[in-house]
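Hello,

Here is the structure we talked about passing on. Please open it next to this message, and then read the notes below.

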Amino acid sequence: MTEGFDVEARWPELFARLNQAQRRSVVQSLASAWHEGWTPNREDVENLTDRARGAIDRTEYRRRAHAAARRHTVATR
């Protein structure tokens with residue numbers, strides 16, 4: 001994202017099934033990481049919204065996050 005933090009506008013379908021508290025929690029988590037220099041991508045946002053709405057449990061969230069980290073690490077070598 002080059003100009004601002006617009007994850008809800010960029011992937012509205014990922015936020016559609018969240019209630020207001022879940023949405024706020026996800027956006028705050030993503031914004032915090034974004035302010036530290038991370039650029040949101042659809043996969044990470046989808047994983048976090050899935051976790052927030054209870055579609056996946058903590059174990060599955062961590063499995064997905066670790067798998068994504070491994071893919072990104074290999075891709076940058």
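**Overall layout**

The protein chain has five helices and zero strands. Keep in mind that this is a predicted model. Read from the N terminus, the elements run α-α-α-α-α. The chain has 77 residues, and 23% of them are buried. Now take contacts between residues at least 6 apart in sequence: 49% of these join residues at least 24 apart.

**The nonpolar core**

The largest nonpolar core holds 10 residues. They are Val-7, Trp-11, Leu-14, Phe-15, Leu-18, Val-26, Val-27, Leu-30, Val-45 and Leu-48. Three helices each supply at least two residues of this core: H2 (12-15), H3 (20-35) and H4 (42-52). The largest share comes from H3, with three residues.

Leu-18 deserves a look of its own. This core residue sits in the loop between H2 and H3. Is Leu-18 buried or exposed? The relative accessible area of Leu-18 is 8%, so Leu-18 is buried, the cut-off being under 20%. Setting aside residues up to four places away in sequence, Leu-18 touches Arg-23, Val-26, Thr-49, Ala-52 and Arg-53.

**H3 against H4**

H3 and H4 pack at an angle of about 145°. Their axes are 10 Å apart. The crossing of H3 and H4 is right-handed. On the H3 side, the contact is made by Gln-22, Val-26, Ser-29 and Leu-30. On the H4 side, Val-45, Leu-48, Thr-49 and Ala-52 take part. Val-26, Leu-30, Val-45 and Leu-48 also belong to the nonpolar core described above.

**A closer look at H4**

Start at the N-terminal end of H4. Asn-41 caps this end. A side-chain oxygen of Asn-41 lies 3.2 Å from the backbone nitrogen of Glu-43. After H4 comes Gly-54, which has a positive phi, near 85°.

Which residues of H4 are buried? They are Val-45, Asn-47, Leu-48, Thr-49 and Asp-50.

Asn-47 is found in H4. The relative accessibility of Asn-47 is 7%, so Asn-47 counts as buried. Leaving out neighbours within four places in sequence, Asn-47 is in contact with Ile-56, Tyr-61 and Arg-64.

Asp-50 also lies in helix H4. Why does Asp-50 count as buried? Because its relative accessibility is 10%, and buried means under 20%. Beyond residues up to four places away in sequence, Asp-50 touches Ala-55, Ile-56 and Arg-64. Ile-56 and Arg-64 are in contact with Asn-47 too. Asp-50 and Leu-18 are 32 residues apart in sequence. In space, their C-alpha atoms are 9.1 Å apart.

**Salt bridges**

How many salt bridges are there? The count comes to eight. Three of them are described here.

- Asp-50 pairs with Arg-64, with the closest N and O atoms 2.9 Å apart. This pair links distant parts of the chain: Asp-50 is in H4, and Arg-64 is in H5 (residues 58-75), 14 residues apart.
- Arg-63 pairs with Glu-60, and here the closest N and O atoms are 2.8 Å apart. Both residues lie in H5, three residues apart, about one turn of the helix.
- Arg-64 pairs with Glu-60 as well, at 3.1 Å between the closest N and O atoms. Arg-64 and Glu-60 both lie in H5, four residues apart, again about one turn of the helix.

Salt bridges with shared partners join Asp-50, Arg-53, Glu-60, Arg-63 and Arg-64 into one network. What is the exposure of its members? Asp-50 is buried, at 10% relative accessibility. Glu-60 is partly exposed, at 22%. Arg-63 is also partly exposed, with a relative accessible area of 47%.

**Where to look in the viewer**

Begin with Leu-18 in the loop between H2 and H3. Then go to Asp-50 in H4. Finish with the salt bridge from Asp-50 to Arg-64, which leads across to H5.

Best wishes

Conventions
Residues are numbered from 1 along each chain as its sequence is written. This is a predicted model: local features need pLDDT of at least 70, side-chain atom pairs count only at pLDDT 80 or more; totals for chains, interfaces and linings use all residues. Side-chain values use heavy atoms; hydrogens and water are left out. A nonpolar core is a set of buried Ala, Val, Leu, Ile, Met, Phe, Trp, Tyr and Cys residues joined through side-chain atoms within 4.5 Å. Buried means under 20% relative accessible area, exposed over 50%, partly exposed in between (1.4 Å probe, protein chains only). A polar contact is a pair of N or O atoms within 3.5 Å; within protein, one must be able to donate a hydrogen and the other to accept it, and residues adjacent in sequence count only if both atoms are side-chain atoms. Contact means heavy atoms within 4.5 Å. A salt bridge is a side-chain nitrogen of Lys or Arg within 4 Å of a carboxyl oxygen of Asp or Glu. Axes are lines fitted to C-alpha atoms, for helices over the stretch in contact, and angles run from 0 to 180 degrees between N-to-C directions. A crossing is left-handed if the near helix is turned anticlockwise from the far one by less than a right angle, and right-handed if clockwise.
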